[in-house]
Amino acid sequence: MHKRSWLFGLLLIAGVAYALQKAGPLRGDWEPEQIAPGVYVIHGPTELPSPSNQGFMNNPAFVVTDEGVVLVDPGSSVQVGEMVLARIEKVTDKPILAVFNTHIHGDHWLGNQAIRAKYPDVPIYGHERVPPKIEAGAGTQWVDLMLSMTEQATAGTGVVSADHPVKDGDVIEVGGLSYLVMNNDKAHTDTDIMLYVKELDLMFLGDNAGHGRILRLENGSFAGNIVALDNAMETGATVFVPGHGRSGGVEVPTEYRDYLQTLYSTAQEGVDSGLADFEIRPILEPRLEPWSQWAGFDIELGGHISGAYLEAEAAAF
């Protein structure tokens, strides 16, 4: 009996070790691109998470100052986070001073794990609604979703939440620069923060905008997202980093704002005319031609029409 118990225990330990085995490092020649003095973005692919991209899909960005590095959205897995660290170290040997997570979606923050492993005391900033949502299960859900979509290519990733809550109007001074937190309650989600760095005329938009990529909008607000992008442009920033797609100038928020505005205003017209949501699509599709070749357009359009219609209908009462 003793021998069988010992063997069972050995097999159990081996099984646990296998289950916790970490997937291999991120493949691909992802390199940081300098978009402004001291500002770098690793532009991720525009497709959905898959085994081939190992879940990498967002735009990790970092700002190098004389004192150190500020990192925004370290990615969707521990593997992506480790890749981001390695790329930063190719640019500078300065330490990471702070991390910002722009919202609750795990493709932007599950890379926290790698950063925390190397920098145990680094502050990770996120909207004040983020930690409670992660603790309530959103973190585990995102880990499981990434594992499923990548066929275990993100194995080994754990939940490391933002631990420094922020809200609209907060200013975080770090590395000699000021990061103004902007949140208008509900946009892409109800946890979004945009970051305006006045000294660099720089705006991190998070998923309030994609550029060349249409983004899912669930539990957010079309009207609120439009307001957020208007607010971003009113700062006078000249360099914009979207959550997905290419960074650039004011065309980044403008083009995505115009997509959302076209969609939502057409939904409002449909509600005012007594049309059903499916009757809006033939009217809307010609108006959305400028965005029809963007990644995700065909995938997201049906959900966007339904969501915009429901929001317009609610606003009419």
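**View 1. Arg257 and Asp258 form a salt bridge, with their closest N and O atoms 2.8 Å apart.** A salt bridge here is a side-chain nitrogen of Lys or Arg within 4 Å of a carboxyl oxygen of Asp or Glu, and by this rule the count comes to 15. Arg257 is buried at a relative accessible area of 19%, whereas Asp258 is partly exposed at 29% (buried, under 20% relative accessible area; exposed, over 50%; partly exposed, in between; 1.4 Å probe, protein chains only). The model is predicted, so that local features need pLDDT of at least 70 and side-chain atom pairs count only at pLDDT 80 or more, while totals for chains, interfaces and linings use all residues. Residues are numbered from 1 along each chain as its sequence is written, and side-chain values use heavy atoms, with hydrogens and water left out.

View 2. Helices are DSSP runs of H or I with at least four residues, and strands are runs of E with at least two, numbered from the N terminus. Glu31 also forms a salt bridge with Lys90, with the closest N and O atoms 3.1 Å apart. Arg87 is buried at 13% relative accessibility, Glu31 is partly exposed at 36%, and Lys90 is exposed at 57%.

**View 3. Gln54 is found in the loop between β2 (39–41) and β3 (61–64).** Gln54 is buried, with a relative accessible area of 3%, and is in contact (heavy atoms within 4.5 Å) with residues including Pro25, Ser77 and Thr150.

Definitions and conventions. Lists of a residue's contacts leave out its neighbours within four places in sequence.
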